[in-house]
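Work through each task with the structure in view, then read the solution.

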Amino acid sequence: MNDLELKFYDSKKGCKTVFQPSDPGRVKLYSCGPTVYNHSHIGNIRSYLFVDVLRRSLKLFGYVPDQTMNITDIDDKIIRESIANKVSIEEFTQPWTEKFFKDLNTLNIEKVEHYPKATESIDEMIHMIQKLQENGLVYEKDGNLYYSVEKFSDYGQLSKVDTSGMISGARYDADEYEKDNVRDFVLWKAPKEPGEKFWETAIGKGRPGWHLECSAMIRSIYSSGVDIHTGGIDLLFPHHENEIAQTRGAYPEEEFVRYWLHCEHLLVDGAKMSKSKGNFYILDDIIAQGYNWKEVRFVMLSFHYRTKLNFSFERLREARISIERIQNSLNRLIESIKKDIPEYDFSVYCSLTKEENQESVIKKITNLQPSTIAKAFYHDFMEGLSDDLNTPKALASVFESIKSINSLIDKEELKTSEKEDILYFFFQLNCLLGLLDFETILDSASVSEDDAKIVSLIEERKSAKKDKDFARADAIRDELKALGIIVEDTKDGSVKWKRIQ
């Protein structure tokens, strides 16, 4: 929206600031991804959904994201598990990597442009270490290479950590450590265990430290820094602080990150997730209990990314009702348009994943005249997003909008052109929400074989009711229910149907 400025809370500045990428035509965006040694739990999933909201919002504001999410496929846990299971790290991590992408697909999280793996980025890591050596920031101990924090004067500017309070001289050669007891950190780790994965390099045998991986992958993809760097709040220190030290230590003349965005923790029923407490969940656990991906996605969207998210199954049940409210308003609008123009072409809305269709609809909605109803609805929605991705505020505006839309439909006060504009508005909402179903607007000539059967049964039921054969009509309703379809008779005599979620 031309009259709205997109603002983010920058963790480094400690305040909201207007977003100004280095190149408005291409936003370079890096997000810390998974360590692929097990399932992603719902706390991890929250951070992935936050990144999805960020990406989709950037597109709504007219930016083109060039986004990277790394895959950490080498670390202590992975090495231990691969050795214990007597398989290579590649064999061990492959199914967990596939499961990660399956979860993203289930939740309708958009794919990003780059998914580099740590094991495929070793050359850039070696080059960065060599640059740090040239700049006098590296020392060796027991075959391991460490970064000397005291030689980087800007250390702590992101996290505001006072390094004088850290234990001087504490040197660990493990990726897993208590962050309060760390000063220097490892860059390159010499092999210690039989069967441990290592690389033969110009700086010796070994493998990278975890912190080094992200700095090197950013450099490998972009040959410079990025506009936005995201991650969970737990990564702010030491991981992101160490990324800054590494990258600026190697390339002091360059800006590394323009904006740092961090997502808060997820709680379950008010408590930290723990297997011992029985409140530790992965996506499959939730779906197995009868909930669906849309409800999970909506709950995550309904909290601001910088607030702790208190997850509960009650919230999932509330999400189901909220989604139905938005969907039912869309369905009513569709039926109203069909009544005006039976041959109306809805096909563009049924291809949401196609970039060209998204762009055409975005252009349409942003070109609406300021006096139109849809323009006002859209402005309120975007105003929420412009305020540091305030999705609760944006969603509140959606529910206010649908109250107005339903009232206007009830009063039959909308012109066909206004209905069409509001349909564009719903489409635009879904470019962020990713929850609405536009498929039901297809007519029977273009639906799948299964849907054609459903449409046929609905028509047969309508005929049975018209003939006052209510027993047959009820039997068809039961048959549809068995197929996972709920039918609803409206006041004007039409029939709406939806799938049981």
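A search of this predicted model finds 28 salt bridges in the whole structure.

**Exercise 1.** Find the salt-bridge partner of Asp52 and state whether Asp52 is buried or exposed.

Solution. 
- Step 1: Asp52 pairs with Arg297, and their closest N and O atoms are 2.7 Å apart. This is within the 4 Å limit for a salt bridge.
- Step 2: Buried means under 20% relative accessible area. Asp52 has 2% and therefore counts as buried; Arg297, at 0%, counts as buried too.

**Exercise 2.** Which parts of the chain does the salt bridge between Arg207 and Asp76 tie together?

Solution. 
- Step 1: The N to O distance in this salt bridge is 2.4 Å.
- Step 2: Arg207 lies in strand β8 (residues 207-208), while Asp76 lies in helix α2 (residues 76-84), so the bridge joins parts 131 residues apart in sequence.
- Step 3: Arg207 is buried at 4% relative accessibility, and Asp76 is buried at 10%.

**Exercise 3.** Classify Arg219 and Glu254 as buried, partly exposed or exposed.

Solution. 
- Step 1: The two residues form a salt bridge, with the closest N and O atoms 2.6 Å apart.
- Step 2: Arg219 is in helix α5 (residues 210-222) and Glu254 is in the loop between α6 (236-250) and β10 (257-263).
- Step 3: Arg219 has a relative accessible area of 14%, so Arg219 is buried. Glu254, at 25%, counts as partly exposed.

Conventions. Residues are numbered from 1 along each chain as its sequence is written. This is a predicted model: local features need pLDDT of at least 70, side-chain atom pairs count only at pLDDT 80 or more; totals for chains, interfaces and linings use all residues. Side-chain values use heavy atoms; hydrogens and water are left out. A salt bridge is a side-chain nitrogen of Lys or Arg within 4 Å of a carboxyl oxygen of Asp or Glu. Buried means under 20% relative accessible area, exposed over 50%, partly exposed in between (1.4 Å probe, protein chains only). Helices (H or I, at least four residues) and strands (E, at least two) are DSSP runs, numbered from the N terminus.
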